[in-house]
Amino acid sequence: SRRYSITLLAGDGIGPEVISVAKNALQLAGSLEGIEFGFKEMPVGGAALDLTGVPLPEETLSAAKKSDAVLLGAIGGYKWDNNEKHLKPETGLLQLRAGLKVFANLRPASVLPQLVDASTLKKEVAEGVDLMVVRELTGGIYFGKPRGFGSNENGEEIGFNTEVYATYEIDRIARIAFETAQKRRGKLCSVDKANVLEATMHLMIASVQFLFGFPSTGSIFSVGHVFSFIGTHGYFKRGDVSISDTYRIPILLGYLRASMLWRKRVMAIASEYPDVELSHMYVDNAAMQLVRNPKQFDTIVTNNIFGDILSDEASMITGSIGMLPSASLGEAGPGLFEPIHGSAPDIAGQDKANPLATVLSAAMLLKYGLGEEKAAQRIETAVLDTLNRGFRTGDIYSESEGNKLVGCKEMGKELVKSIDPVVV
Ligand code: NAD
Ligand code: IPM
Ligand code: MN
């Protein structure tokens with residue numbers, strides 16, 4: 001029989017509740033396919049802070065690196081919200097993603113026929129939605145430097161972060177996205193930042209005008225316009241922030257380039273995938289289009305922060321954030337699998353959490369992490385069967401014939417029955 005080692009990182013809030021259900025599903029679906037799992041539970045997030053004083057203990061990272069795949073519940077909670085940056089549960093999660101070098105985060109969102117009623121969108125808008133957000137996970141504003149706190153000339157406190165992408169980071173996530181689109185419906189929409197790109201164009205045209213002396217007064221492409229844009233973004237006004245002067249120009253250039261470079265590189269990589277239909281959308285429009293007509297999307301590729309936001313938005317089309325799984329993959333080493341939701345402190349410890357996002361993350365672990373498609377299929381089919389039998393946690397419950405409101409544990413029990421009716 002095949003044997004795999006899995007690191008389980010339950011984390012905080014509803015994390016342990018949903019991980020326990022997903023672990024049972026993995027074990028059972030695996031055993032039916034002749035797979036044996038060795039589980040190792042390690043602390044992360046707030047739980048690790050309380051236990052060891054840091055949000056990602058070295059032992060946790062090294063156990064994760066040594067295993068075949070990592071399944072994470074969620075981290076975070078009120079208790080640690082005011083901790084210093086390096087002592088936040090969220091920092092532990094970012095360190096884990098960076099430590100495992102999992103730069104590609106796949107977040108599928110599809111509307112199951114069983115849950116059309118749970119969507120807040122009209123039936124005809126939600127029905128049939130099947131999209132995939134490919135989120136860059138180890139770069140961008142989450143990791144860019146300089147970052148930190150300081151003060152401005154008025155002695156007022158400031159906080160600053162930098163959006164940075166290197167060519168290789170965009171190229172590799174773009175390739176993953178094109179390959180994902182190839183396996184789906186062959187459509188890729190790259191989402192980037194509208195106003196920044198336009199500013200870049202203004203800047204280019206303005207420089208031409210400046211260099212060649214074209215009349216610019218009154219033109220929307222005037223140099224003044226460019227600098228007022230930069231001014232409104234706080235990046236060129238002297239004395240605006242106390243970031244050192246050596247950083248000022250690199251930040252300006254980096255900021256203007258980051259999004260332009262994103263589009264430029266995605267367009268360059270597109271030539272390797274002529275069979276994929278590529279489009280571009282500005283992120284504000286994408287947020288609107290997602291609720292206007294989500295069926296227009298197949299695969300979306302975007303940066304770290306836009307992917308975070310858009311995937312939460314996409315989750316609600318499907319009925320609940322409690323349904324959406326994710327897979328985070330790197331070039332080598334174990335993948336990290338986690339629901340897209342957080343630790344839900346408002347319902348933690350009340351047996352109300354929907355475990356299906358984590359259960360479906362376990363299915364992604366089998367499929368993308370271990371190549372065990374059949375076992376993955378068993379879990380996915382069981383999720384549909386459990387829903388077909390009417391079982392619903394509060395977040396996806398709607399009053400209709402045959403629907404039964406259940407807690408996290410009962411959902412887990414019903415899921416087990418769906419995976420193998422013999423085991424009860
Ligand atoms: P959240 O996703 O935890 O919760 C948002 C809302 O969705 C809440 O009302 C919650 O009850 C509900 N919800 C989430 N998951 C659910 C589930 N499985 N079943 C039913 N309802 C569910 O987001 P938040 O409230 O903004 O953040 C809470 C904490 O979680 C914060 O500390 C945040 O930093 C952290 N967080 C962690 C992760 C992660 O571990 N990957 C992701 C997001 C947020
Ligand atoms: C997510 C979460 C995390 C993120 C936080 C908790 C660091 O929101 O996994 O979507 O922003 O990536
Ligand atoms: Mn998020």
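The protein chain contains 14 helices and 14 strands, where helices (H or I, at least four residues) and strands (E, at least two) are DSSP runs numbered from the N terminus. The model is a predicted one, in which local features need pLDDT of at least 70 and side-chain atom pairs count only at pLDDT 80 or more, while totals for chains, interfaces and linings use all residues. Residues are numbered from 1 along each chain as its sequence is written, and chains are lettered from A and ligands numbered from 1 in the order in which they are written.

Of the 424 residues in the protein chain, 46% are buried. A residue counts as buried if 20 or more other C-beta atoms lie within 10 Å of its own, as exposed if 12 or fewer do, and as partly exposed in between, with C-beta atoms placed from the backbone. Two residues are in contact if their C-beta atoms, placed from the backbone, lie within 7 Å. Among the contacts with a separation of 6 or more, 74% join residues 24 or more positions apart.

The largest nonpolar core comprises 108 residues; such a core is a set of buried Ala, Val, Leu, Ile, Met, Phe, Trp, Tyr and Cys residues joined through C-beta atoms within 7 Å. Ala25, Leu71, Phe337, Val359, Ala362 and Ile379 have the most contacts inside this core. Helix H12 (residues 356-369) gives the most to the core, with nine residues. Leaving aside neighbours within four places in sequence, alanine 362 is in contact with Ala22, Ala25, Leu26, Leu71, Phe337 and Ile379.

Ala25 also takes part in the contact of helix H1 with helix H14. H1 (residues 15-32) and H14 (residues 408-419) pack at an angle of about 10°, and their axes are 10 Å apart. Axes here are lines fitted to C-alpha atoms, for helices over the stretch in contact, and angles run from 0 to 180 degrees between N-to-C directions. H1 and H14 are therefore roughly parallel to each other, given that angles under 35 degrees count as roughly parallel, over 145 as roughly antiparallel, 65 to 115 as roughly perpendicular and the rest as oblique. From H1, Glu17, Val18, Val21, Asn24, Ala25, Leu28 and Ala29 meet Cys408, Met411, Gly412, Leu415, Val416 and Ile419 of H14. By class, this contact has 10 nonpolar, two polar and one charged residues; Ala, Val, Leu, Ile, Met, Phe, Trp, Tyr, Cys and Pro count as nonpolar, Asp, Glu, Lys and Arg as charged, and the others, Gly among them, as polar.

Gly45, Gly46, Ala48 and Leu49 in H2 meet Pro89, Gly92 and Leu93 in H4, a contact with four nonpolar, three polar and no charged residues. In H4, the buried residues are Pro89, Thr91, Gly92, Leu93, Leu96 and Arg97, and their cover includes H2, H3, strand S11 (327-329) and strand S12 (335-337).

Leucine 56 lies in the loop between H2 and helix H3 (58-66). This residue is buried, with 26 other C-beta atoms within 10 Å. Not counting residues up to four places away in sequence, leucine 56 touches Val44, Ala48, Leu61, Gly92, Gln95 and Leu96.

H4 also contributes to a ligand site: three residues of the shell around ligand 2 come from this helix, the largest share. The residues around ligand 2 are Gly76, Glu90, Leu93, Leu94, Asp308, Ile340 and Gly342, a residue being near a molecule or strand if its C-beta atom, placed from the backbone, lies within 6 Å of it. This shell has three nonpolar, two polar and two charged residues. Around ligand 1 there are 21 residues, of which Gly76, Gly322, His341, Gly342 and Asn354 come nearest. The shell of ligand 1 divides into 10 nonpolar, seven polar and four charged residues.

Some backbone features remain. Most residues other than glycine have a negative phi, and most peptide bonds are trans. Alanine 344 has a positive phi of about 40° and is buried, with 23 other C-beta atoms within 10 Å. The peptide bond from lysine 145 to proline 146 is cis, with omega near 5°, and proline 146 is placed in the loop between strand S5 (130-136) and strand S6 (148-151).
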